[in-house]
Amino acid sequence: MIGQLLTLLEVIFVDREDKKDILRVLDRNFQDAETRSECPRIPEGTSTNGEKLLPFQSAFFAAPLMAHAVVVPVTLTYRLVDQRPVSAANRDCIYWYGDMSFAPHLWNLLGTTALKFRSKSTPE
């Protein structure tokens, strides 16, 4: 079910360790953009336990910058889980990272009664 949803959302997964796979994704995004006459959306990032931001793959930004496209960084910051501030004690309810199994994590996430977060988008 999740795979089908991600396919409908046109999510493209990348092997971050394989630089050739990054080129495949860039090529596919720009080919798709040409046929749909729209700007490609290239998500970049990975998940952590919320303590730090991991390095970005700069290759994803090369093509849009060369094309003088607008790059819009977006952040999502969780503030509360079940009316309590996010902490080491409850962060695993929302953050999926490391070698965590996805299905049990999703089940726990769906069991939370309330999440409060802030998103921020700033055009370059």
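Two residues are in contact when they have heavy atoms within 4.5 Å of each other. This is a predicted model, where local features need pLDDT of at least 70, side-chain atom pairs count only at pLDDT 80 or more, and totals for chains, interfaces and linings use all residues. Residues are numbered from 1 along each chain as its sequence is written, and side-chain values use heavy atoms, with hydrogens and water left out.

**Asparagine 49**
- Asparagine 49 sits in the loop between α2 (19-36) and α3; helices are DSSP runs of H or I with at least four residues, strands are runs of E with at least two, and both are numbered from the N terminus.
- Not counting residues up to four places away in sequence, asparagine 49 touches Arg91, Tyr95 and Tyr97.
- A polar atom of the asparagine 49 side chain lies 3.0 Å from the backbone nitrogen of glutamate 51.
- With a relative accessible area of 16%, asparagine 49 is buried (buried means under 20%, exposed over 50%, partly exposed in between, using a 1.4 Å probe and protein chains only).

**Threonine 48**
- Threonine 48 is also in the loop between α2 and α3, and is buried at 16% relative accessibility.
- The threonine 48 side chain has a polar atom 3.0 Å from the backbone nitrogen of glycine 50, and reaches the backbone oxygen of lysine 52 at 3.1 Å.
- Neighbours within four places in sequence aside, threonine 48 is in contact with Leu54, Tyr95, Trp96 and Tyr97.

**Valine 72**
- Valine 72 belongs to the loop between α3 (59-66) and β1 (74-81).
- Valine 72 is partly exposed, at 41% relative accessible area.

Notes. Polar contact = N/O pair within 3.5 Å; in protein donor to acceptor, adjacent residues only side chain to side chain.
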